[in-house]
Amino acid sequence: MARKPLLEFTEKGIYCDQGKFYIDPWKPVDDAVITHAHADHAYWGHKHYLAHHLSREVLYYRLGEIQLQTVEYGERVMKNGVSVTLYPAGHVIGSAQIRVEYKGEIWVVSGDYKTEDDGISTPFEPVRCHHFISECTFGMPVYQWKPQAQIFEDVNNWWRSNVNNGLATVIVGYSLGKAQRILQNLDLSIGKVYTHGVIENTNEALRRNGVILNPTHRITIDTPKDEVRKGIILAPPSSVGTPWMRKFQPYSFGYCSGWMAIRGAKRRRAADRGFILSDHADWDGLISAIDATGCEKVYLTHGYTASFTRYLNEIGFDAHEVHTLYGDDEGAPSQPPPDGEEFYDAFASNKNIENQKVSPAGGDLEGAGGLFL
Ligand SMILES: [Zn+2]
Ligand SMILES: [Zn+2]
């Protein structure tokens, strides 16, 4: 009889019965290993957390007093004979893939990842494994990212022309990851960078963690509007269309997101400019990352899971769609699902998001034994 798989998909999250821990659980558990500090992965209410040390201050800022153990990439932690090691996921600062090994059987949980080096997150590293649990947020061929240098050239040119035309510049990206990536790639000879409070709080947490970021100026009621108009305003998605944003009129408003690759997305966000910039892997990135693991089975957790799973099976992978918190497959290009980070920014004050619809994974997780690399 096949022994129980090392990792299984339960209604609380990805579970290791042998090690008695969960990975990115969405219901309160005793022992949680966290891939990264985004709200759809790092929930409030667990007894013990394990995460990368660069996630520490953001986790404290977002979740309050938690019992947290932090590790470096490559540092092994033993849990009841199961070894747990974090590897860079390249998604945001401190993001990790979780490698789990027991008696020679290796599983890797990707969390969210991207394969392009963004210059601020530790670059993604493929990890060999038997079983790879992967996201596929942008698992459609329409999603092909340009090198970020090209995108930031567009951003800086747009900012410069706004200054010349007397327009304020508002650039929107979610507060952990995108905001810092934008900040580090702006041409600061054009002007200063002003920040919305949600973003500045995250910047401060990262700086407490030793991350060196370009200088920013928090916008307060005392900040002179004329000054702000000459600079660039970094704002979270939740600020779009609010009185806070309207007070900078006239402005040009740019939105940075992978969803900007599809027609209509810019219009739906009422943006003047859409910049195709994502912290998730694009189509080629996903396939190359999955291939590089050498895995025997791949499980797709969120994104265009159904069509991407079908495609992977067609090209020879043994791919399985699993239903996680994000398992509703409404990822058709005309209706992109909201991403978790934006969800967080929209509900930044609500730390315990209840009543999420959860459908546990279907079967087909048998027979994990007897594998070899
Ligand atoms: Zn994320
Ligand atoms: Zn996510």
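The structure is a predicted model, in which local features need pLDDT of at least 70, side-chain atom pairs count only at pLDDT 80 or more, and totals for chains, interfaces and linings use all residues. Residues are numbered from 1 along each chain as its sequence is written, and chains are lettered from A and ligands numbered from 1 in the order in which they are written.

The axes of helix H1 (residues 56–63) and helix H4 (residues 197–208) come within 7 Å and cross at roughly 140° (axes are lines fitted to C-alpha atoms, for helices over the stretch in contact, with angles from 0 to 180 degrees between N-to-C directions). H1 and H4 are therefore oblique to each other. Helices (H or I, at least four residues) and strands (E, at least two) are DSSP runs, numbered from the N terminus. Glu 57, Val 58 and Tyr 61 of H1 meet Asn 201, Thr 202, Ala 205, Leu 206 and Arg 208 of H4, contact being defined by C-beta atoms, placed from the backbone, that lie within 7 Å.

Six strands form an open sheet with mixed pairing, in the order S1-S2-S3-S4-S5-S6; two strands pair if DSSP finds at least two bridges between them. Strands S1 (8–9) and S6 (68–71) stand at the edges, each with a single partner strand, so one side of each lacks a neighbour in the sheet. Strands S2 (residues 14–16) and S3 (residues 21–23) pair in the antiparallel sense over three bridges, and Cys 16 stands opposite Phe 21 in S3.

Conventions:
Angles under 35 degrees count as roughly parallel, over 145 as roughly antiparallel, 65 to 115 as roughly perpendicular and the rest as oblique. Two residues are in contact if their C-beta atoms, placed from the backbone, lie within 7 Å.
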